[in-house]
Amino acid sequence: MNKKISLFKAIKKLSAVLLLFLALGCMSTGGAAATVPPDIGISWCEDPAQEEHGEDLQAYIDTVAAAGGNPVLLPLIENENQAKEILGAIDGLVLTGGEDIDPSLYGEAPHANLEYTNPQRDASDSLLLAAALKSDFPVVAVCRGVQFLNVFQGGTLYQDLPSQYGTDQLHRSADEVDFEYHDIAVEEGSLLAGIMGQPVLNANSWHHQGIKDVGAGLDVIAIAEDGMIEALQLDDAAFVLGVQFHPEWHYVEGDTEYLAIFEELVKFASE
Ligand code: MN
């Protein structure tokens, strides 16, 4: 074939590809939210460099992805600048479950039954939450996450539910492996009621600590039959929702309606 003609053809092809890119570029500036999954930061719960994740972390990853988000595993954060930088690179935040919270953060001495604490993680979550709340970032806080949100806002915790909140209702199973399940009553008109569309949920439960005094600006939006606080939302925030149960485990174990909590986070993160 004539070299000139094939060069001409190649240029024609290239310009067609370029035009396509330009057209896609124009489209995506108009409707980026619909085509690009928002980056959802998952707060540190184990070393993100590990090739295989523990099943708790994997449950968050799978649920965020199923909800249409791009899961981003966050490192432990050590200073304000790093927190700002990380928030600049993501669109929504999940504060995950985990260790007990250091009671010195709410002015108490450790109870005899206080379990593992992780001061590095407390510091990291504190920096992350400070930056997130300052910029009205969408947040879902799960288990330890909702407890941390409460402490961050000046609230307190029961350090050891079995000895300090003695009701017939277990909030963590005796074998400490399987979930307990208990009903929670959801406040009408709350974020959680809007998302789940049901006044009562049979929620899973696996928590050693629990919310005692509620922090500033937080509304109690779900309680168990024994009075335990099971969900909070932050006033004056677009979407800051904390739940004591594990919606990600509900989802991966087949209660697919709980995906809606993460879908709502993805929706706010896309705005
Ligand atoms: Mn519970």
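Predicted model: local features only at pLDDT ≥ 70, side-chain atom pairs only at ≥ 80, totals over all residues.
User: Which residues coordinate the manganese ion?

Analyst: Donors are N, O and S atoms within 2.8 Å of the metal (3.2 Å for Na, K and Ca); water is not among the atoms, so sites may look incomplete. Here the manganese ion is held by H171 through ND1, H182 through NE2, S205 through OG, H207 through NE2 and E230 through OE, at 2.3 to 2.4 Å.

User: Are S205 and H207 buried or exposed?

Analyst: Buried means under 20% relative accessible area, exposed over 50%, and partly exposed in between (1.4 Å probe, protein chains only). Both S205 and H207 are buried.

User: How is a pocket defined, and how much space lies in the largest pocket?

Analyst: On a 1 Å grid over the protein atoms alone, a cavity is a set of points where a 1.4 Å probe fits but cannot get out, whereas a pocket is an open set with protein on both sides within 12 Å along at least five of seven lines; lining residues have an atom within 4 Å of a point. Grid points are joined across faces, edges and corners, and a volume is the space filled by probe spheres set on the points. The largest pocket holds about 770 Å³ of space. It is lined by 30 residues, of which D56, G97, G98, W206 and H246 are the closest to its centre.

User: Which helices supply the lining of the largest pocket, and what is the lining by class?

Analyst: Helices (H or I, at least four residues) and strands (E, at least two) are DSSP runs, numbered from the N terminus. At least two lining residues come from each of α2 (55-66), α5 (144-152) and α8 (247-252), and α2 gives the most, with four residues. For classes, Ala, Val, Leu, Ile, Met, Phe, Trp, Tyr, Cys and Pro count as nonpolar, Asp, Glu, Lys and Arg as charged, and the others, Gly among them, as polar. The lining of the largest pocket has 13 charged, nine nonpolar and eight polar residues.

User: What is found in the second largest pocket?

Analyst: The second largest pocket contains about 210 Å³ of space. Its lining has 16 residues, and those closest to its centre are L161, P162, L170, H171 and R172. H171 is also one of the residues that coordinate the manganese ion.

User: Which strands pair with β10?

Analyst: Two strands pair if DSSP finds at least two bridges between them. Strand β9 (residues 218-224) pairs with β10 in the antiparallel sense over five bridges, and A222 has A231 as its bridge partner in β10. Strand β11 (residues 240-243) pairs with β10, also antiparallel, over three bridges; there the partner of A231 is V243. Six of the six residues of β10 (residues 229-234) are buried, so the strand is largely enclosed by the rest of the structure.

User: Where do residues with positive phi lie in the turns of these hairpins?

Analyst: Four residues separate β9 and β10 in their hairpin, and G227 in the turn has a positive phi of about 95°. The hairpin of β10 and β11 has five residues between the strands, with D236 in the turn at a positive phi of about 60°. D236 is not a glycine and is exposed, with a relative accessible area of 83%.

User: How does C143 compare in phi and accessibility?

Analyst: C143, a residue other than glycine, has a positive phi near 55°. It lies in the loop between β4 and α5 and counts as buried at 7% relative accessibility.

User: How is the length of helix α9 checked?

Analyst: The expected span of a helix is 1.5 Å times one less than its number of residues. The twelve residues of α9 (residues 259-270) should span 16 Å, and the end C-alpha atoms are 16 Å apart, which agrees. Buried residues of α9 include L259, F262 and L265.

Technical notes
Residues numbered from 1 in each chain as written. Heavy atoms only, no water.
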